[in-house]
Amino acid sequence: MNYLRANREPDRAQIGKIILLVFVVVAIYLWGSQTASLVDRILSFVIYPFIKIDRAIGAPIDQTLNFFIQQNHLAEENERLKGENDRLKVLLLNKIDLAKANADLRNLATERVAKYKPIIAKVLAKPNQLPYDILLLDIGTNQARELKVGQLIFLNQNTILGQIAYVSSNLTKAKLYSTSGETIPVVIGDKKVPAVAGGQGNGNFSLSLPRGVVIKVGDLVKTSLIGDYLLGTVSKIYNDPNNPFQKIIFKSPINLAELVWVEIPNP
């Protein structure tokens, strides 16, 4: 009998454990069905004050940030406008300086023209009518006392032809630089290559330069020692492979056969 009672007690303990396990499982199941809503309520309770604070101060913060962003943009735009203003000021000053320089040049040109009152002489005879490159002019000391040997003869203010060789009371004789055998120092082209030109007659000239010197047809030839005056333009260039020098031919810018008037600057 004692043996049977001892065996029953463990069975009761086992049953109690089973019942407790079932209770725990049911409780967990019932608790799990409400866990989501409970967690949501807890989180809402904790977070809701912060949401209210964010809503309360969020708009002012955004406005403040927008204000500083706009201020930064305005500062950048002001710097850009300041730079543009400085650039325009420089351009204006340059324009004023250029206008002043142009005005000064015009004044100088006007003064020069006013001072440059040449003696105008008519050409009575030309090289095609005389044996040499000589011009006979219809003016002498009776018409212009200031005439004298050595004065320069111009086609216009900047194009030179020659100089006076003889003066009488009513006649002047001018010798052209293109007279055969005459020589004159010149410079050629934009680089002002120096050379000595020789007259070939009837407004034509020639000179020699090393073949390595670049000269082209159309280059201007000007005087050097007597002033920066146009004497002619390059018309032909001769190159001989056996000759280390090139021959340059240039001529007066006017056909002497058509020459009617010349200018003689007043001393």
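Good morning, colleagues. Please keep in mind that the structure is a predicted model.

Six strands, taken in the order 6-7-8-11-10-9, close into a barrel, and their pairing is antiparallel. On average, and with direction ignored, neighbouring strands of this sheet are turned by 40 degrees against each other. One of the pairings joins strand 9, residues 220-223, to strand 10, residues 230-239. These two strands run in the antiparallel sense and are linked over 3 bridges. Within this pairing, V221 stands opposite G232 of strand 10.

I turn now to the aromatic side chains. How many aromatic pairs does the structure hold? There are 2 aromatic pairs. One of them is formed by F154 and Y229, whose ring centres are 4.8 Å apart. Their planes meet at 80 degrees; since an angle over 60 degrees counts as edge-to-face, the pair is classed as edge-to-face. F154 belongs to strand 3, whereas Y229 sits in the loop between strand 9 and strand 10, so the pair ties together parts that are 75 residues apart in sequence. F154 has a relative accessible area of 3% and is buried.

Another aromatic pair consists of F205 and F250, and this pair is stacked. Its rings are 4.7 Å apart, centre to centre, with 5 degrees between the planes. F205 lies in strand 8, residues 204-210, and F250 lies in strand 11, so this pair ties together parts that are 45 residues apart in sequence. F205 and F250 are both buried.

Finally, I consider two residues in loops. Q151 is found in the loop that runs between strand 2, residues 134-137, and strand 3, residues 152-154. Is Q151 buried or exposed? Its relative accessibility is 7%, and because buried means under 20%, Q151 counts as buried. The side chain of Q151 reaches the backbone nitrogen of K148 at 2.6 Å.

The other residue is I254, in the loop between strand 11, residues 245-251, and strand 12, residues 261-264. Which residues does I254 contact, leaving aside its neighbours within four places in sequence? They are L155, L161 and L259. I254 also leads back to G232: these residues are 22 apart in sequence, and their C-alpha atoms are 8.7 Å apart in space. G232 is the residue of strand 10 that V221 stands opposite.

Thank you for your attention.

How values were computed. Residues numbered from 1 in each chain as written. Predicted model: local features only at pLDDT ≥ 70, side-chain atom pairs only at ≥ 80, totals over all residues. Heavy atoms only, no water. Helix = DSSP H or I, 4+ residues; strand = E, 2+ residues; numbered from the N terminus. Buried < 20%, exposed > 50% of the residue type's maximum accessible area, 1.4 Å probe, protein only. Polar contact = N/O pair within 3.5 Å; in protein donor to acceptor, adjacent residues only side chain to side chain. Contact = heavy atoms within 4.5 Å. Pairing = 2+ DSSP bridges. Axes fitted to C-alpha atoms, helices over the stretch in contact; angles between N-to-C directions. Phe/Tyr/Trp six-rings, centres within 6.5 Å; stacked < 30°, edge-to-face > 60°.
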